[in-house]
Structure formats: C-alpha cells, structure tokens
Amino acid sequence: MSATGGTTRSRRVLMEGSHAIAEAAIQSGCRFYAGYPITPSTEILEYMSFRQPQVGGVCVNAESEIEAINMVWGAAGCGVRAMIASTGQGISLMQESLAELSNAEIPCVVVNMMRGQSDYYQATRGGGHGDYRHLVLAPHTVQEAVDLIALAFQLGDQWRTPVDVLGDFVLGHTSEAVEFPVLRESDLPPKPWAATGARGRRAHNVTPLGSPEKLHLEHGAHFNAMSEKCARMSTEKRCETGLLDDAEVAVVAFGSPARFVKYAIRQCRTRGLKVGWIRPITLWPFPDEVVAAAASRVRAIAVFEQNAGQMIDDVRLAVLGRAPVPAIGGISHDHSGFGVGPLLEPATIIRRITDVYEGKAAA
C-alpha cells in the first residue's frame, strides 16, 4: 500500500471506467447493488455481479429500474451502504423513490452514466415531489470518478441523503491507471437511525413523513428541517479552475467533455489567446461564487455542454449580467446516440472558443 495526500491507497491498476466505478464502490464499503441493464451503465452491473459475492455483498439484476431503486431503498434503510446505476431514461423511472429517499434521510449513491449531458436538469433539479435536493458530483477522469465515488458514500452518510454521480459513455469506456482509497470497516460511521426491526418490541423504522427517531411524527416540522438541511448542504461546493489569472475569456464545462475543453484551451494559449477554465465538480451545489468572481474580470464566460443548454442557466444566475454568457456547446451524437459526437473534436472547440474571444459569438 502507498499513502497519497494522507490517504492510504491501493497499487495502481489499469481499469475501464465503469469497472473502476464499481470497484470504488466496493472499496468504499458498498455491500448492496441493484440495477437493470441499460447502456452505458450495464458494465457496472456486470462487474458487481461477480465482485459483490467475493466480499460478502449482494448484487441483484432487477426486473425493472423501479424494482431496483426500491431494493436499494430497503438495503440502505437498514444501514447498508448501497448503490444503483442507470442512465437518464432509467433514472426517470426512479424519481418517486429518490424523492422519498431524500425525505426519509436515507443515504445511497446513484450513478447516472449519461448519454451525452442531457440529464443535467434531471440531476440538479430532480423530477420527484417535495423540496428535496441531491448532492451531485461530476467526474471528468476515471481516477476522479474513483475518488468521487468514495466521497459520495462519505457525503451520503454525513448528510443522510442520496448522492448522484454523473458519468457518461466516454468515462465508462475509457481505461486508465487508477488507485483506490483503502477503507477500513472501522471507518464506517454508526447508523443509529437505521431500521433494525423491533428493539425490545418497540418499533424502529424509517419513513419519508418524519424523523424515524421520534414516535410522534410532525410532518410540517420534518419538511422544514429537510429544507434547512438543503441550505446547509449548499456549502459542499467544489470546482477546478485553470489559467484564470490573466484570462480574458473563461469557459465553464463539466464531466468528460471538460477534458476536451481543457486541451482546447491549452492550444488556444499557444496561439496567444488568454483563455481559462472553470470545471464544476459539484453540479449541485453549483460553485456560483467562483463563476461570479471570474465574471468580474473577464470579457465573456462561455459554456460548453453536450445538450441544448442546461448548465448555462446556473452560469447565468451566477454571473447576473456581469459578462456575456455565450453557449458554445450543443447536442452532438454519433449514430449510437450515446454522446460521442463531432462536437468533441478539438478543432471545433478551439474554433468556437476563438469566436468568443474575437467577439464573433452571440451571448
């Protein structure tokens, strides 16, 4: 074992992104996984199907996404670290249970291997009922996906909430050398709130209608407490920035496409264009202060995302008119429909950034 940054880590191994995400969950203490095959998340289910039994865990290939998320509901409600993975269409079917998990304060990890980046609204706004919000993490490399899976389980337990991790086809099918944080079983936090059946014949359960620690539920007080918790969770903002000190234009991008954007920006620098980047790691809470600070110094903040324009709303809310916010991304797919389209070609990204820099792009 080696220690990196104060954290004990395993030796480096070459793994495909989907397999690395699954192994990271195993190394983080995940002992229950349920899922339904759907591209590009199927490899996570396949890996879990043989890996979970090796560590004394359980993997269930459910008959539907609804069945799978409710199995996760049950396992996580009993205090087990649990995870599910799907893609946008499957996550859509889970929205009722995800809202109920949030209000019941049950932690779990939900991995969305997106087809492109069209699930930003789904993840950051949610499609369920009530005033809930999920923490949303967006890795851009396989190693970061490994680290953020570990962080997702940690934050889920800390805040007692589901945590979303947004991947995509490119991340899931890219192989990189990775190392895993090593977790000791003793590091897992106690869960006195978990359902354990009858304790001395006194019922102890979890419910989305009120605190499980109380016998008499007060729904209004409970939902107010959930709202207050969301306000506290908004402190969990994370982002990466680069080359902003003298930048005249900043580009905001997240997930796998951000790797292409960062390369394009470095190429722009070799051509004398003063461009920097902001990469949100948490999509909710969104790192608005960093974006606002950049907006006060640059001529424009461009947004690159593989959809019709979703994250750009959060960027505009952060900028509040301080600078133009042109969109330089868009919907881009190959024949498979999984988001690996021509828009990711570096020459295209460089040209669009250059247009913003030269004032040719409309905000």
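Predicted model: local features only at pLDDT ≥ 70, side-chain atom pairs only at ≥ 80, totals over all residues.
1. Not counting residues up to four places away in sequence, R279 touches A138, H140, E144, C239, E240, A253, F254 and A258, where contact means heavy atoms within 4.5 Å. R279 sits in strand β15, residues 275-280, and is buried with a relative accessible area of 3%. Buried here stands for under 20% relative accessible area, exposed for over 50%, and partly exposed for what lies in between, using a 1.4 Å probe and protein chains only.

2. Residues are numbered from 1 along each chain as its sequence is written, and side-chain values use heavy atoms, with hydrogens and water left out.

3. Now the overall build. The chain has 13 helices and 17 strands; these are DSSP runs numbered from the N terminus, with helices being H or I of at least four residues and strands being E of at least two. The radius of gyration is 21 Å, close to the 21 Å from the globule rule for 363 residues, so the chain is as compact as a globular protein of that length. That radius is taken over C-alpha atoms, and the rule is 2.2 Å times the number of residues to the power 0.38. Along its principal axes, the C-alpha trace spans about 75 × 45 × 40 Å.

4. What share of the 363 residues is buried? Buried residues make up 56% of them. Among contacts with a separation of 6 or more, 79% come from residues 24 or more positions apart. The chain exposes about 15,100 Å², with carbon and sulfur atoms supplying 52% of that; the areas come from the Shrake-Rupley method with a 1.4 Å probe, and for residues only the protein chains shown count as cover.

5. On domains, the chain is divided into domain 1 (8-190 + 227-236) and domain 2 (240-357), with bounds from an automatic or database domain assignment. The contact between them takes 33 residues from domain 1 and 28 residues from domain 2. Taken over C-alpha atoms, the domain centres are separated by 26 Å.

6. Helix α5 deserves a look. Seven of the nine residues of α5 (residues 95-103) are buried, so this helix is largely enclosed by the rest of the structure. The buried ones are Q95, S97, L98, A99, L101, S102 and N103. They pack against α3 (65-77), α4 (88-93), β7 (108-114), α6 (120-125), β9 (162-168) and α9 (219-233).

7. Helix α1 (residues 17-27) is mostly covered too, with nine of its eleven residues buried. Those nine are G17, S18, A20, I21, A22, E23, A24, A25 and I26. Just after α1, G29 takes a positive phi of about 95°.

8. Some backbone angles are worth checking by eye. Most residues other than glycine have a negative phi, and most peptide bonds are trans. E105 is not a glycine, but has a positive phi of about 60°; E105 lies in the loop between α5 and β7 and is buried, with a relative accessible area of 12%. L243, also not a glycine, has a positive phi of about 60°. L243 is in the loop between β13 (239-242) and β14 (249-252) and is partly exposed, with a relative accessible area of 39%.

9. Which peptide bonds are cis? One joins T39 and P40, with omega about 10°, and P40 is found in the loop between β4 (32-35) and α2 (42-54). Another runs from W284 to P285, with omega near 0°; P285 lies in the loop between β16 (282-284) and α11 (288-295).

10. Finally, P346 lies in helix α13 (residues 346-357) and is partly exposed, with a relative accessible area of 31%. Leaving aside neighbours within four places in sequence, P346 is in contact with Y263 and A264. P346 and V325 are 21 residues apart in sequence and, C-alpha to C-alpha, 21 Å apart in space.
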